[in-house]
Amino acid sequence: MIDIRHLTKRFESRGAKPVVDDISMTVEEGELCVLLGPSGCGKTTTLKMINRLVQPTSGQILIGGADTASFNVVELRRRIGYAIQQVGLFPNMTVAQNIGVVPQMLGWDKARIHERTRTLLRMVSLDPDTFMPCYPRDLSGGQQQRVGVARALAADPPVMLMDEPFGAIDPINRASIQDEFRHIQKSLKKTVMFVSHDIDEAMKMGDKVAIFRDGKIEQMASPDELLARPASAFVAEFVGADRALKRLRLMRAADAALESSRVARLGYSTADARALLRDHIATSLIVLDAQGKPVGHVGAVEVAAAGATLEAAQVRALPGVVHASDDLRSVISMLLAQGATWLPAIDADGRFIGYVTHERIALMARAACVSGEASPHAIDAMPDAAEPALATGAVR
């Protein structure tokens, strides 16, 4: 969808050294590509050359196979959504009018624009009835930025350019808006070029990440590839010494869940529970209900005090559960906060899928540092040191 060929930009005021120096890159239809790098490395200039806010010195930019140099510049910009950190809302227009600017230019009828505006405001967590009649001066900086993102999406463009669009939004809302935007982008298969200074944001959002250095692309790869195999010392330093932990954000609890027979059910024979504790040298058993959902855990004390079968009265509450879709960086944080060596993982319906252990995650983080072999599934080829932890680990 976006094909950049030998693109160069020199500004006379900055001397002979190019700001963007002979870069080439391809972004496929439906991909989100993050441009990442230190200030002044050329990423925003590259973004602006795509919609010709900055004219290239040399090289080609093709969108959908067509050279952007052949487009009428106004028509080109109407076909490309653009969201920037400075927002740039029209101060004399309401929120609804700001969002409807491009659709109105494209000839949409009022009812369609109105419905699209309401949909987009809900998407960025702003109540349409409250905010549509407001003016930019009535909004906080973060609210203005959310309206800016909505405006960029207004005409349903196939290509979007975004320059730190979530930078002024508070962390709680930023995370939810990032998630919602990524969901919409994937479902609508929009092609997005996204500038960021935030490494965690880049790793979370991008299908591809291009790391810039002095106007050139130092490395362009998937987030997993960048963290597992940085191509140079600069890339390794830029993504950080904690890249193994960053990589855990790309893995899910479902990747780490270990199946185990160390479970009981309500109504389970206490003799069998006692044998299971003895055979596994376990200090605690997960207890499931009839639907396979964890309801708590029991140890030797509870089993000894029970009658012939385990009943709800003997079950202790779990300190927490993890969801199959939770990233492992969040899971390890939960384990540390709860003082636990393992927690049960559940699927979208709340059913138990296995134990996620501290040791299993540690092995997966270690695998992320193994040069040339790092993969979320590389751990499966390693000796399974996590299983003994199931026998001795306990929820404390």
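Guide: Start with the lining of the largest pocket. Four elements each supply at least two residues to this lining: α2 (73–78), β6 (80–84), α4 (101–105) and α7 (141–153). Helices here are DSSP runs of H or I with at least four residues, strands are runs of E with at least two, and both are numbered from the N terminus. This is a predicted model, where local features need pLDDT of at least 70, side-chain atom pairs count only at pLDDT 80 or more, and totals for chains, interfaces and linings use all residues. Residues are numbered from 1 along each chain as its sequence is written, and side-chain values use heavy atoms, with hydrogens and water left out.

Which element gives the largest share of the lining of the largest pocket? Strand β6 does, with five residues. The space in this largest pocket is about 530 Å³. That volume is the space filled by probe spheres set on grid points, which are joined across faces, edges and corners. The lining counts 21 residues, and Arg 77, Ile 80, Tyr 82, Val 102 and Arg 151 are the closest to the pocket's centre. A pocket is an open set of points on a 1 Å grid over the protein atoms alone, where a 1.4 Å probe fits, with protein on both sides within 12 Å along at least five of seven lines; lining residues have an atom within 4 Å of a point. By class, the lining has 14 nonpolar, four polar and three charged residues. Nonpolar covers Ala, Val, Leu, Ile, Met, Phe, Trp, Tyr, Cys and Pro; charged covers Asp, Glu, Lys and Arg; the others, Gly among them, are polar.

Ile 80 is in contact with Ile 63. Contact means heavy atoms within 4.5 Å. Ile 63 sits in strand β4 (residues 58–63). Is Ile 63 buried or exposed? Ile 63 has 10% relative accessibility, so it counts as buried. Buried means under 20% relative accessible area, exposed means over 50%, and partly exposed lies in between, using a 1.4 Å probe and protein chains only.

Leaving aside neighbours within four places in sequence, Ile 63 also touches Met 1, Ile 50, Thr 68, Leu 76 and Val 159. Ile 2 is 61 residues away from Ile 63 along the chain, yet their C-alpha atoms are separated by 4.8 Å.

Ile 50 leads on to helix α1 (residues 43–50), where six of the eight residues are buried. The buried ones are Lys 43, Thr 45, Thr 46, Leu 47, Met 49 and Ile 50. Just after α1 comes Arg 52, with a positive phi of about 65°.

Next, a strand. All five residues of β3 (residues 32–36) are buried, so the rest of the structure largely encloses this strand. In a regular strand the side chains alternate between the two faces of the sheet. In β3, Leu 32, Val 34 and Leu 36 point one way, while Cys 33 and Leu 35 point the other way.

What does β3 pair with? Two strands pair if DSSP finds at least two bridges between them. β3 runs parallel to β8 (residues 191–196), with five bridges. There, Cys 33 has Met 193 as its bridge partner. β3 is also parallel to β9 (residues 208–213), with four bridges. In that pairing, Leu 35 stands opposite Ala 210.

Compare a second pocket. The second largest pocket holds about 370 Å³ of space. Its lining has 16 residues, with Met 203, Lys 204, Arg 249, Leu 250 and Arg 252 the closest to its centre. Helices α8 (171–188), α9 (199–205) and α10 (223–228) each supply at least two lining residues. The largest share, five residues, comes from α8. This lining divides into five nonpolar, three polar and eight charged residues.

Finally, step back to the whole protein. The secondary structure comes to 18 helices and 16 strands. Of the 396 residues, 51% count as buried. Among contacts between residues at least 6 apart in sequence, 63% join residues at least 24 apart.
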